[in-house]
Amino acid sequence: MAELLQEYSVQVVAADGTAYDVRSYGEERADGTWMGWLEFHPTDSSKRTLRTDQETSQPNRTAVEYWSTGLEPVYFEGAFQRAL
């Protein structure tokens with residue numbers, strides 16, 4: 001089951017002007033490793049939530065949490081494009 005790792009104070013704004021809140025999620029796999037991805041939640045409820053594919057693979061929850069704390073706004077911009 002997916003777990004919210006971090007909700008960021010930075011928003012990403014799409015070309016149409018829609019603002020998206022950025023959140024990172026992680027989930028443990030059957031082998032005990034963790035995967036992480038980003039979700040972009042629109043402030044306009046008529047728009048859909050966007051999600052990247054897997055952005056990272058880490059050996060445990062601590063490592064995926066650490067990954068989520070090091071992301072910068074420029075990374076969110078690229079991830080947003082990958083989620084479209």
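Me: On a 1 Å grid over the protein atoms alone, a pocket is an open set of points where a 1.4 Å probe fits, with protein on both sides within 12 Å along at least five of seven lines. What is the volume of the largest pocket?

Reply: This is a predicted model, where local features need pLDDT of at least 70, side-chain atom pairs count only at pLDDT 80 or more, and totals for chains, interfaces and linings use all residues. Residues are numbered from 1 along each chain as its sequence is written, and side-chain values use heavy atoms, without hydrogens and water. The largest pocket has a volume of about 160 Å³. Volume here is the space filled by probe spheres set on the points, which are joined across faces, edges and corners.

Me: What makes a residue part of the lining, and which residues lie nearest the centre of the largest pocket?

Reply: A lining residue has an atom within 4 Å of a point. The largest pocket has 13 of them, with A14, A15, Y20, F80 and L84 nearest its centre. Helix α2 gives the most, three residues. Strand β1 (3-13) and α2 (73-83) each supply at least two. Helices (H or I, at least four residues) and strands (E, at least two) are DSSP runs, numbered from the N terminus.

Me: Why is the pair of Y25 and W37 called stacked?

Reply: Rings of Phe, Tyr and Trp (its six-membered ring) pair if their centres lie within 6.5 Å; planes under 30 degrees apart count as stacked, over 60 as edge-to-face and the rest as tilted. The search finds four such pairs in the whole structure. For Y25 and W37 the centres are 6.2 Å apart and the planes at 10°, so the pair is stacked. Y25 is in β2 and W37 in β3, so the pair ties together parts 12 residues apart in sequence.

Me: How do you know that W37 counts as buried?

Reply: Buried means under 20% relative accessible area, exposed over 50%, partly exposed in between (1.4 Å probe, protein chains only). W37 is at 1%, so it is buried. Y25, at 13%, is buried too.

Me: What makes the pair of F40 and F80 edge-to-face?

Reply: The ring planes stand at 85° with centres 5.2 Å apart, so the pair is edge-to-face. It links β3 and α2, 40 residues apart. F40 is buried at 0%; F80 is buried at 3%. Y20, F40 and F80 form one aromatic cluster.

Me: How do you know that the charged end of R51 sits over the ring of W37?

Reply: The test is NZ of Lys or CZ of Arg within 6 Å of the ring centre and within 35 degrees of the ring normal. The charged end of R51 sits over the W37 ring, 3.9 Å from its centre. R82 sits likewise over the ring of Y75, at 5.5 Å.
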